[in-house]
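Me: I would like to learn how to read helix packing and pockets in a protein model. Could you walk me through it?

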Amino acid sequence: MRRFIVGMIILILSVWLGLRIAEDPGLALFTYRDWSMQMPLWFAAVCLIVLTLFVYYLVRFIDGIDSSFYRWKNWLRWRRKNKSYSKTNRGLIELIEGHWRTAENFLLEGINQSDAPLVNYLAAAKAAHERGAFDKRDLYLRKAHDLAPQADVAIGLTQAQLQLDQGQLEQALATLNHLRTITPLHAVVLKLLQKTYIRLADWKALLLLLPSMRKAKTLTPEQLDVMELRVYQELLSATANKADNAETMHEFWKIVPRKAQKNSQLIYTYAKQLMRFPYTANEVEVLINTAVKKNWDSDLVRLYGLLVTENPKKQLSHAEKWMKHYPDQPILLLTLGRLCLQCQLWGKARGYLEESLRLEANPETYVEYGKLFEQLGDVSTALVNYRDGLGLVAEVE
């Protein structure tokens, strides 16, 4: 209905306009210098309307062509990116599956149109490294650095890890030390430095690294305590190997933190190294006796029985006191048997050793038992015990 009314209005206006034009068509005159043109006014108006519509649709047509060209360029760009993504994705899959050369080729092909060419170069370096092409590996790493110098840490970590895998410990250490100047508390940098120092057996450097590792929380406090303990054990052993006297060991022990000095494993390492110097036997006896009173440790108890002091009876007395708190301990009974042998208490030695063997068959106990029978002049029984001890050793191996 509305369309009908609008149509009728347009028709009425058209008829009215046509009648007005028929009564007085008007005149339009255009002049320019010596040139002039005249036409009815209504015809000029129609030409103006037609010209306006022509210009309008021409502009729309040109704009449509430009829009189509823009969409075409976007499609080409998307197609190139999609192809690049496919090659990069394929390269990463090949890398994970261990197809190094294929992975390297796909990753390099996907670099030019990749949104993240740095990833391509780093992954290609890994692939080249795995197939032994170390020159190409270094080339890719250099290109990665030239491409994204702001990603120095990521590139350096990749390089250090590959150097460690190749066994280039000194080069890896140089790379990691450089990275540490950039980011002192980077957890991955510190972990790789830890691995490098362990492989280099550079325990002093690792000891200096531990505070930073604690601050960066690269490991749990318990794991760091274990690491610190191992470092001091290694340093103790290294110091002992170079020491000409016990004073060197004493000086080192002074720099060990008090908390670490209470650790039974570290005390064992320290005591064992001191025993290389016979004149420290009495000092070691006091050290072990004090430690065992506080915390039972079978290794320390075993070491106590191997000590040769000026007063073995005093040793025996101390060890027998431990029996009140730690009965039925085979290693303690072995130690008591050894100390009785030193004191030439053959009967007590036999009782302790037999009880130790009853609780646990141990090659060391059989050897001491054999020594006892040698002292008693029973060589055949001694040989039987030596044979039984060797049999246990063979079973273990």
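**Reading helix packing and pockets**

Reply: Let's begin with a pair of helices: α7 passes α8 in a left-handed crossing. Left-handed means that the near helix is turned anticlockwise from the far one by less than a right angle; clockwise would be right-handed. Helices here are DSSP runs of H or I with at least four residues, numbered from the N terminus. The model is predicted, so local features need pLDDT of at least 70 and side-chain atom pairs 80 or more, while totals for chains, interfaces and linings use all residues. Residues are numbered from 1 along each chain as its sequence is written, and side-chain values use heavy atoms, without hydrogens and water.

Me: What describes two packed helices?

Reply: The angle between their axes and the distance between the axes. Axes are lines fitted to C-alpha atoms, for helices over the stretch in contact, and angles run from 0 to 180 degrees between N-to-C directions. Here, α7 (residues 169–182) and α8 (residues 187–200) cross at roughly 150°, and their axes come within 10 Å. The two are therefore roughly antiparallel (over 145 degrees; under 35 is roughly parallel, 65 to 115 roughly perpendicular, and the rest oblique).

Me: Which residues of α7 and α8 make the contact?

Reply: Contact means heavy atoms within 4.5 Å. Among them are Leu173 and Leu176 of α7, and Leu192 and Leu193 of α8. The contact residues of this pair divide into 10 nonpolar, two polar and three charged. Nonpolar covers Ala, Val, Leu, Ile, Met, Phe, Trp, Tyr, Cys and Pro; charged covers Asp, Glu, Lys and Arg; the others, Gly among them, are polar.

Me: At what angle do α13 and α15 pack?

Reply: Helix α13 (residues 264–274) and helix α15 (residues 298–306) pack at about 20°, with axes 9 Å apart. That makes α13 roughly parallel to α15. Their crossing is left-handed.

Me: What volume does the largest pocket have, and how is a pocket found?

Reply: On a 1 Å grid over the protein atoms alone, a pocket is an open set of points where a 1.4 Å probe fits, with protein on both sides within 12 Å along at least five of seven lines; lining residues have an atom within 4 Å of a point. Points are joined across faces, edges and corners, and volume is the space filled by probe spheres set on them. The largest pocket has about 260 Å³. Helix α14 gives the largest share of its lining, five residues.
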